[in-house]
Amino acid sequence: MFFKAFLTNSSGILISRILGFIRDLLMATILGAGIYSDIFFVAFKFPNLFRRIFGEGAFNQSFLPSFLKARYKGGFALKIFLNFCLLLLFFLLLVWVFSWEITKLLAYGFSEELIALTAPLVVINFWYLLLIFIVTFLGAILQYKHNFTAWAYSPAMLNIAMIISLLLAQNSDSYTSVLYLSYGVLAGGVGQILLHLYPLWRLKFFKLFCVGVKELKRKKDFIYKSVKSFYKQFFPAMIGSSTAQIASFVDTLLASFLSSGTISYLYYANRIFQLPLAVFAIATSVALFPFIAKCLKDKKEDVALNALKKPFWLLCFLLSICVVGGILLQREIIWLLFERGKFLREDTLLTASVFSAYMVGLLPFGLAKIFSLWLYSQNQQSLAAKISAFSLGVGVLCSLVLMQFFQAFGLALAGSISGMVLLLLTLHYFGWKKFFILLKNWKLIMLLVLSLSVEIVGISGFKYFVFEISS
């Protein structure tokens, strides 16, 4: 069941990321790496942050355990849905009224002229918050029945909508293109919701919602207890699942004080970094979580630990290979994906250096995803949140120092340092003894070292051969 869920999640994420790269390629060609790409990334940054925090586990890690325990599941689900929708609508109203002030917070280093250009885009993009919550809620309901397909493939709908909007806007001026792109984000959110409707109907969840309306009227006290338990776990889980995303958000804020194009360099590099993290680490954690949670609930710790072995080594091999390949081929990857149109050679070199700094943190962030499941399964969301907050603080402190000397490269490197701290602290509370039980496999260690050595020699030899031919 784990491998079936893993393949479903990873294939859906891979297709979404391929479409995302096509989208980014079009963005780089049409907008380049300058003022107009910067203002869109600022406008989309917070909605995208929210999407990653919710969609990559925070909501599910609290909702599914609470949903399983809830006596009146339909009423509980509807109550959570209504509470969040009302809260988000109120938040969106505030963004609309105070758009200039909020834009200033998102990009404090922008001039007043740039903030005036960005503020309307921020208002448009913020509506995606409501849409992506609905998508996340419906996906969590489906995962209760071990249906991962709609959740895995729904991000592709967002990328398709953004690609279409860019194609429609390719002959327009830069600011109009950014407007088209912002409305494409909203169209993608609607498409993601529609994708979930058929499996919900097929699995008869609409009947559950109808029953929930009656339960909300008659069983308020029981439902209130379940909702209270959910919120107690949700807010720490949200913090605990968002370290990489919040670090990226802080990077954007700090990058607004640096030279024009810095935000874009960070964005393009982070997009590639997120591909192996999502396809391998996030897909693994989503597939593994229901089983780990059930084992620990039934006090079968040995079974849960044994279930971690294959995913742990799978991630070690896949992510390590990605790290080595990404660092050795940093310039070639950026050149192949982005260097065309308004994206120049100088942009390639600067983005490549940022990308290499991000890749240093790929393995720590990836492994932290699966070990944190142990804490979430034992309802230790508060502890996970404290670990994440501390690692984030270390990352911000390093960013403030390193950006003074290394600009965008320093910001990315600080994020990787934060990931290392996150992993070390997570392993400390997971238990070093249990970790060394997983690690104690000399054959796999030697195989990993051999595989990486072959990769280094192979890539280095290939680059030398190509260089000799070209010269």
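Visitor: Where is A281 found, and why is A281 called buried?

Guide: A281 is found in helix α12. The model is a predicted one, and in it A281 has 0% relative accessibility. Buried means under 20%, so A281 at 0% counts as buried.

Visitor: Which residues does A281 touch, leaving out those up to four places away in sequence?

Guide: A281 touches P276, L315, G366 and K369. A contact needs heavy atoms within 4.5 Å.

Visitor: Helix α12 brings me to the core. How many residues does the largest nonpolar core have, and which have the most contacts inside it?

Guide: The largest nonpolar core has 150 residues, and F59, F63 and F371 have the most contacts inside it. Helix α12 (residues 262-297) gives the largest share, 23 residues.

Visitor: Why is this core said to lie between domain 1 and domain 2?

Guide: Domain 1 (1-242) and domain 2 (258-469) both give residues to the core, so it lies between them. Those bounds come from the domain assignment of the chain. The contacts across the two parts can be counted as well: 45 residues of domain 1 are in contact with 42 residues of domain 2. Taken over C-alpha atoms, the domain centres are separated by 23 Å.

Visitor: Now the rings, please. How many aromatic pairs does the structure hold?

Guide: The structure holds 32 aromatic pairs.

Visitor: What makes the pair of F44 and Y128 tilted?

Guide: Two values settle that. The ring centres of F44 and Y128 are 6.3 Å apart, and a pair needs centres within 6.5 Å. Their planes stand at 50 degrees; stacked would be under 30 and edge-to-face over 60, so the F44 and Y128 pair is tilted. This pair links distant parts of the chain, with F44 in helix α2 (residues 35-69) and Y128 in helix α6 (residues 128-143), 84 residues apart. Both F44 and Y128 are buried.

Visitor: And what makes F76 and F230 an edge-to-face pair?

Guide: Their centre-to-centre distance is 6.3 Å and the angle between the planes is 75 degrees. Edge-to-face asks for over 60 degrees, so 75 degrees gives F76 and F230 that label.

Visitor: Why is this pair said to tie together parts of the chain?

Guide: F76 lies in helix α3 (residues 73-97) and F230 in helix α10 (residues 220-240), so the pair ties together parts 154 residues apart in sequence. F76 is buried, with a relative accessible area of 0%, and F230 is buried with 0% too. F76 and F230 also belong to one aromatic cluster, whose members include F81, F84, F133 and Y231.

Visitor: S226 is in helix α10 too. How do you know that S226 is buried?

Guide: S226 has 15% relative accessibility. The cut-off for buried is under 20%, so S226 at 15% counts as buried. Leaving aside neighbours within four places in sequence, S226 is in contact with A70, R71 and F76.

Visitor: On to helix α17. How do you know that S416 is buried?

Guide: S416 is found in helix α17 (residues 381-430). Its relative accessibility is 1%, and buried means under 20%, so S416 counts as buried. A polar atom of the S416 side chain lies 3.3 Å from the backbone oxygen of Y358. Besides Y358, the residues S416 touches include A357, V360 and G361.

Visitor: What makes K204 exposed while Q407 is called partly exposed?

Guide: K204 has 55% relative accessibility, so K204 counts as exposed. Q407 has a relative accessible area of 37%, so Q407 is partly exposed. K204 lies in the loop between α8 (174-202) and α9 (205-218), while Q407 has its place in helix α17.

Visitor: What is the phi of each?

Guide: Phi of K204 is near 65 degrees, a positive value in a residue other than glycine. Q407 is not a glycine either, and has a positive phi of about 55 degrees.

Key
Residues are numbered from 1 along each chain as its sequence is written. This is a predicted model: local features need pLDDT of at least 70, side-chain atom pairs count only at pLDDT 80 or more; totals for chains, interfaces and linings use all residues. Side-chain values use heavy atoms; hydrogens and water are left out. Helices (H or I, at least four residues) and strands (E, at least two) are DSSP runs, numbered from the N terminus. Buried means under 20% relative accessible area, exposed over 50%, partly exposed in between (1.4 Å probe, protein chains only). A polar contact is a pair of N or O atoms within 3.5 Å; within protein, one must be able to donate a hydrogen and the other to accept it, and residues adjacent in sequence count only if both atoms are side-chain atoms. Rings of Phe, Tyr and Trp (its six-membered ring) pair if their centres lie within 6.5 Å; planes under 30 degrees apart count as stacked, over 60 as edge-to-face and the rest as tilted. A nonpolar core is a set of buried Ala, Val, Leu, Ile, Met, Phe, Trp, Tyr and Cys residues joined through side-chain atoms within 4.5 Å. Domain bounds come from an automatic or database domain assignment.
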